[in-house]
Amino acid sequence: MNLVPSDISALIYPPLLEVKNLSQEFGGLRALAKVSFRVIPGEIVGVIGPNGAGKTTLFALLSGFLSPTYGEISFMETPIAGMRPDKLCHLGIARTFQVVRPFLEMTVFENVKAAAVFGKPTRPIAAEINRQVDEILESTGLFPLAHHISHSLSLPERKRLEVARTLAT
């Protein structure tokens, strides 16, 4: 048997995320059927498929916006299936949406800071939050726009802001 690096990681580290037989039905319509996979720490995983394949449903289940009809979801070996999105956010699971909805009258910095504060289970230290927000803005290329009001951003900039807010949680 030849082991590739990710196989070796799977032997050493428990999965960060594990999905077993995840299924979702809406009335008589089966959106997902017995989906299983695991994500090992450090792995980058993509989900692809045609329209109607269940990608959005999968992410809604992983992020707590839907409860599965059946199946298991574990994050860091803790069962999370059916957990509310705010509780998952405090564990470190967040998602973005296709339609971006920043707080339009707040600056880019304020939008990311709001997400950073919300994403912490305890009240964070302001200086530490500000440093984290600066780092996220730098890494997403939004630092030069930190003091711009969000409604003035272009759609691609708003998409980056959505990613920055998600990272901040």
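How many aromatic pairs does the count come to by the rule that rings of Phe, Tyr and Trp (its six-membered ring) pair if their centres lie within 6.5 Å? The count comes to one. The ring centres of F65 and F97 are 5.4 Å apart and the planes stand at 90°, so this pair is edge-to-face; planes under 30 degrees apart would be stacked, over 60 edge-to-face, and the rest tilted.

Before I continue, a word on the basis. This is a predicted model, in which local features need pLDDT of at least 70 and side-chain atom pairs count only at pLDDT 80 or more, while totals for chains, interfaces and linings use all residues. Residues are numbered from 1 along each chain as its sequence is written, and side-chain values use heavy atoms, with hydrogens and water left out.

To return to the pair: F65 belongs to the loop between α2 (55-62) and β3 (70-75), and F97 to the loop between α3 (85-91) and α4 (108-118), so parts 32 residues apart in sequence are tied together. Helices here are DSSP runs of H or I with at least four residues, strands are runs of E with at least two, and both are numbered from the N terminus.

T107 is buried, at 12% relative accessible area. Leaving aside residues up to four places away in sequence, T107 touches A146, H147, H148, I149 and S150, contact meaning heavy atoms within 4.5 Å.

Finally, the helices. The axes of α4 and α5 (residues 126-139) come within 9 Å and cross at roughly 120°; axes are lines fitted to C-alpha atoms over the stretch in contact, and angles run from 0 to 180 degrees between N-to-C directions. α4 is therefore oblique to α5, given that under 35 degrees counts as roughly parallel, over 145 as roughly antiparallel, 65 to 115 as roughly perpendicular and the rest as oblique. On the α4 side, the contact includes V108, F109 and V112; on the α5 side, it includes I129, N130 and V133.

Terms used:
Buried < 20%, exposed > 50% of the residue type's maximum accessible area, 1.4 Å probe, protein only.
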